[in-house]
Amino acid sequence: MFRFLYVIIMNLFRAPYMITRMRYEADHPEKYSVEKRYELDQRAIRIMCNTGRIQTACYGKENLPKEGGYIMYPNHQGKFDALAIILCHESPCSIVMDIKKSKSILVREFVDLLEGKRLDKADVRQAMTIIREVAAEVKEGKRYILFPEGGYEFNNKNRIADFKPGSFKSATMSKAPIVPVALIDSFKVFNSLHIMPVTAQVHFLKPIPYEEYQGMKTQEIAKLVKSRIEEEIAAYTF
């Protein structure tokens, strides 16, 4: 948490301008393209990284489908996870986020710039509506980040919890490629008690086309995606 607080304090002088600008662009999509709004999110992330001495190593960009929509399913380690993926993912993508975590200042602006979805885990009907909306938008070519663990354990040291099968319903409905994403050492970014340089790794794995998971139950898909991420993490950690 020390680095997180340090980044906030060191950027207090920028905050009024950046938050105001992010809010304005998010509220006026008719004036700012998806690409422009995404670039603003990336710029804000780069500022945080430069201040906090955070490096992001990106691997497997060549695995990302060149056309059409898809859903990225990463393991979850902490507050930096989505930011790291957005920084590495050059073309615009969006996110599905817990509604409670999306309401704080700056996080709200980040999500709105991406036109992200807010999911209420306590409301089954609302959650199902979000799942259908994501599926429909992915069919139209949009890309999403969806964390199948649903949360994360503080300082989890690259361990992965079970993936929730329901997280994969948007994929089965849209029949879109699933892109497993392995995050390594992302937990160190905002969980450390120092501000020494730190590097988080983002690995985009080979996509799983619909033809490969067609007919599988969501429980089976969850295990398949989790196993591929675990294999990648095991190959890069000792």
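At what angle do the axes of H3 and H4 cross, and within what distance do they come? The axes cross at roughly 120° and come within 10 Å. The model is predicted.

**H3 against H4**

- Two packed helices are described by the angle between their axes and the distance between the axes.
- H3 passes H4 in a left-handed crossing.
- From H3, the contact uses Tyr 38, Gln 42, Ile 45, Arg 46, Met 48 and Cys 49.
- From H4, the contact uses Leu 83, Ile 86 and Leu 87.
- By class, the residues of this contact are 7 nonpolar, 1 polar and 1 charged.
- An α-helix has 3.6 residues a turn, so residues three or four places apart point the same way.

**H2 against H3**

- Helix H2 covers residues 15-27, and helix H3 covers residues 34-52.
- Their axes lie 10 Å apart, at an angle of about 160°.
- Angles over 145 degrees count as roughly antiparallel, so H2 is roughly antiparallel to H3.
- The crossing of H2 past H3 is left-handed.
- H2 brings Met 18, Arg 21, Met 22 and Glu 25 to the contact.
- H3 brings Lys 36, Arg 37, Leu 40, Asp 41, Arg 43, Ala 44 and Ile 47.
- The contact of H2 with H3 holds 5 nonpolar and 6 charged residues, with no polar ones.

**The nonpolar cores**

- The largest nonpolar core has 39 residues.
- Met 72 and Phe 80 have the most contacts inside this core.
- Several helices give two or more residues to the core: H2, H3, H4 (81-88), H5 (107-113) and H8 (187-191).
- Strands E2 (70-74), E6 (178-184) and E7 (198-204) also give two or more residues each.
- Which residues does Met 72 touch, not counting residues up to four places away in sequence? They are Ile 85, His 89, Cys 93, Tyr 144, Ile 145, Leu 146, Val 179, Val 181 and Phe 204.
- A second, separate core has 28 residues, including Ile 71, Ile 178, Ile 184 and Ile 208.

**H4, a covered helix**

- How many of the 8 residues of H4 are buried? The count is 8 of 8, and H4 is mostly covered.
- The buried residues of H4 include Asp 81, Leu 83, Ala 84 and Ile 85.
- Ala 82 lies in H4 and is buried, with a relative accessible area of 15%.
- Ala 82 touches Ile 95, Ile 145 and Phe 147, leaving out residues up to four places away in sequence.
- Ala 82 and Met 97 are 15 residues apart along the chain, and their C-alpha atoms are separated by 9.7 Å.
- Cys 88 also lies in H4 and counts as buried, at 1% relative accessibility.
- Beyond its neighbours within four places in sequence, Cys 88 is in contact with Thr 56, Cys 58, Lys 61, Val 202 and Phe 204.
- Cys 88 and Asp 185 are 97 residues apart in sequence and 15 Å apart in space, C-alpha to C-alpha.

**Helix H10**

- Thr 218 lies in helix H10, residues 218-236.
- Is Thr 218 buried or exposed? Thr 218 is buried because its relative accessible area is 18%, and the cut-off for buried is under 20%.
- Lys 223 and Pro 165 are 58 residues apart in sequence and 8.6 Å apart in space, C-alpha to C-alpha.

- Most residues other than glycine have a negative phi.
- Arg 53 is not a glycine, yet has a positive phi of about 60°.
- Arg 53 sits in the loop between H3 and strand E1 (54-59) and counts as partly exposed, at 41% relative accessibility.
- Leu 106 is not a glycine either, and has a positive phi of about 80°.
- Leu 106 sits in the loop between strand E3 (94-98) and H5 and counts as partly exposed, at 27% relative accessibility.

Methods
Residues numbered from 1 in each chain as written. Predicted model: local features only at pLDDT ≥ 70, side-chain atom pairs only at ≥ 80, totals over all residues. Heavy atoms only, no water. Axes fitted to C-alpha atoms, helices over the stretch in contact; angles between N-to-C directions. Helix = DSSP H or I, 4+ residues; strand = E, 2+ residues; numbered from the N terminus. Parallel < 35°, antiparallel > 145°, perpendicular 65-115°, else oblique. Left-handed = near helix turned anticlockwise from the far one by under 90°. Contact = heavy atoms within 4.5 Å. Nonpolar A, V, L, I, M, F, W, Y, C, P; charged D, E, K, R; others polar. Core = buried A, V, L, I, M, F, W, Y, C linked by side-chain atoms within 4.5 Å. Buried < 20%, exposed > 50% of the residue type's maximum accessible area, 1.4 Å probe, protein only.
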